[in-house]
Amino acid sequence: MQEQFAEILYYIKATFRYKWFIIVSAWLICLPAWWYILNLPDKYSSTARVQVDTRTMLRPLLSGLAIQSDVRGMVAIMKQLMFTRYHLEKIANLAGLDTNINTESEKLALINKLKENIKIDGGKNDIFSISYETTDPLEAKHVVQSVLTVFSEQAQKTALDDADSTQRFLLTQIQEYEQRLRNAEKARENFKRANVGMLPGQGGDQVGQIQELNRAIEEARLALKELDSRKQVLQEQLVEAQESAEDEWGLSLNTSKAEDPRLTALISQRDELLLKYTRKHPSVKVINDQIRSILKRKSQEKEELETEGATVAHSNPFVQSIKASLNEIDAQIASIKSRIESHEQKIVRLDDEFNQRLNVETEMQNLNRDYSAIKKNYDALLQRKEQMNLTEKVDAEGTSLRFKVADPPNKPLSPSGPKRAILYSAALGGGLVVGIAIAFLAVLIKPTFIASNQIRTMTGIPVLGSVSIVRNREQTRKMRMQIVQYAMACGLLVTAYAGIMVFKV
């Protein structure tokens, strides 16, 4: 830290060696700068303060009924619009600044001048300040008065134009939504007329009916299964009854099946003859004819016996009861199958009807949703229209936006600029800074050793001793003269600055 401080001190001492660079540069810069500042034209500024009054009794009273205007937003927009070419030309015309303007370039220069010098500031507590600075005090007053006039006119015109455009937009939207609302109501009416009985709330509960029919089908199928089992048992009993049927006297139907002794004797006799003769022997032929006759007669008897057995079986009360039960079961089975088929058809019909009801309900919901949205927007637009009408009446009474001139524009008596004291001081400070910079640059260009320790630091060689300058009387006198001359130059510079600050500010 000590080495850094020593280095800084070295640069200060080295810079002070070129002290004449500092004072000469200050004189060369300050004299022309002071002369230029002295010849700057005086500028006069005129200011007017305006209050935007929005605190009225009707505003809290009509809260929620009338539309509350965004006054600050409106004023901010008007501040921007004030700097358009149209309004600036109107300000120049009202202030009488365009009387001597003949060319378009002169007009453009005047508009740029007004745009740069007109200031509209403030907004806190609804108070705005309008100021204009120029070389003519009367011109400054006239320009501020013109800005105030145009600003007030623009505020009223903006409010009226905004109300007219808003009302036209609302009327257009209301007519459009009214037509859409009528179309939506007509669509709902036609849809209800085309789907009578299928709308929500109309008709029975298809889901409950389908569940009841499914339960009835299950019960019918269970009963059908039971009847099939009974029928199978009865059929088995019928077969057994027919095979073991007996007549009312207890005689077996199969007794007629016993063999005839005559037939047996003829067959034995034929066999004996065949041992002696051939089949074409007359005795054998006679026996064969007798056997055929007996077999034919037995066949007829057998058919008669089977017919008699069937009649006996048919007249058996047990068989008759079994057949009656089978017939009854067949009738019940047919009835149950018919019932199941009817239930299934009804389920299909109810399912189709349920799907159709779902489609109708979905379409109805879509129509109701569209109708509700359109009606909501339509009611909101009607409400806005009523608010707009009430707001127009409020604005017609002058309660929307009123300007109060707190301070009228005045004719300035003393110049507001330029700030010569600040400019004189800045010129002096700038001259000194430039002089110090030139001296420091000279140190960097032509460095010298100020103390012996600098030599030891730069070369690394120990310094055994140093020789001081011993001035004679003439040299001492010259050095004192230089100091006096430098002090006089500095004093004259300070005196000139003080004189300018006292007499010319």
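Predicted model: local features only at pLDDT ≥ 70, side-chain atom pairs only at ≥ 80, totals over all residues.
The protein's secondary structure comes to 14 helices and 4 strands. Of its 505 residues, 27% are buried. Now think about which parts of the chain touch each other. If you take contacts between residues at least 6 apart in sequence, 83% of them join residues at least 24 apart.

Let's pick out helix α2, which covers residues 19-38. How far apart are its end C-alpha atoms? They are 28 Å apart, and that agrees with the 28 Å that 20 residues should span at 1.5 Å a residue. Now look at which of its residues are hidden. Ile22, Ile23, Ser25, Ala26, Cys30, Trp34 and Ile37 are buried in α2. An α-helix has 3.6 residues a turn, so residues three or four places apart point the same way. And what do the buried residues of α2 pack against? Their partners are α12 (420-445) and α14.

Take α14 to begin with. This helix runs over residues 473-503, and its axis comes within 11 Å of the axis of α2, with a crossing of roughly 25°. Angles under 35 degrees count as roughly parallel, so α2 and α14 are roughly parallel to each other. Their crossing is left-handed. From the α2 side, the residues that meet α14 are Lys19, Trp20, Ile23, Ala26, Trp27, Cys30 and Trp34. On the α14 side you'll find, among others, Tyr486, Leu493, Ala496 and Ile500. Sorted by class, the residues of this contact are 14 nonpolar, 2 polar and 1 charged. Notice that Ile23, Ala26, Cys30 and Trp34 take part in this contact, and that they are also among the buried residues of α2.

Next comes α12. Its axis and that of α2 come within 8 Å and cross at roughly 155°. Anything over 145 degrees counts as roughly antiparallel, so that is the label for α2 and α12. The crossing here is right-handed. The contact between α2 and α12 brings together 19 nonpolar, 4 polar and 1 charged residues. As for α12 itself, this helix has 26 residues and reaches 37 Å from its first C-alpha to its last, close to the 38 Å expected at 1.5 Å a residue. Several of its residues are buried, including Arg420, Tyr424, Gly431, Gly435 and Val443.

For another kind of arrangement, hop over to α5 (residues 85-95) and α6 (residues 104-117). These two pack at an angle of about 95°, with their axes 10 Å apart. That angle makes α5 roughly perpendicular to α6. From α5, the contact uses Arg85, Leu88, Glu89 and Ala92, while α6 brings Glu104, Lys107, Leu110, Ile111, Leu114 and Lys115. What classes do these residues fall into? There are 5 nonpolar, no polar and 5 charged residues.

One last stop is Gln237, which sits in helix α8 (residues 206-243). Is Gln237 buried or partly exposed? Its relative accessibility is 33%, so Gln237 counts as partly exposed. Gln237 and Lys323 are 86 residues apart in sequence, and their C-alpha atoms are 10.0 Å apart in space.

How values were computed:
Residues numbered from 1 in each chain as written. Heavy atoms only, no water. Axes fitted to C-alpha atoms, helices over the stretch in contact; angles between N-to-C directions. Parallel < 35°, antiparallel > 145°, perpendicular 65-115°, else oblique. Left-handed = near helix turned anticlockwise from the far one by under 90°. Contact = heavy atoms within 4.5 Å. Nonpolar A, V, L, I, M, F, W, Y, C, P; charged D, E, K, R; others polar. Expected span 1.5 Å × (residues − 1). Buried < 20%, exposed > 50% of the residue type's maximum accessible area, 1.4 Å probe, protein only.
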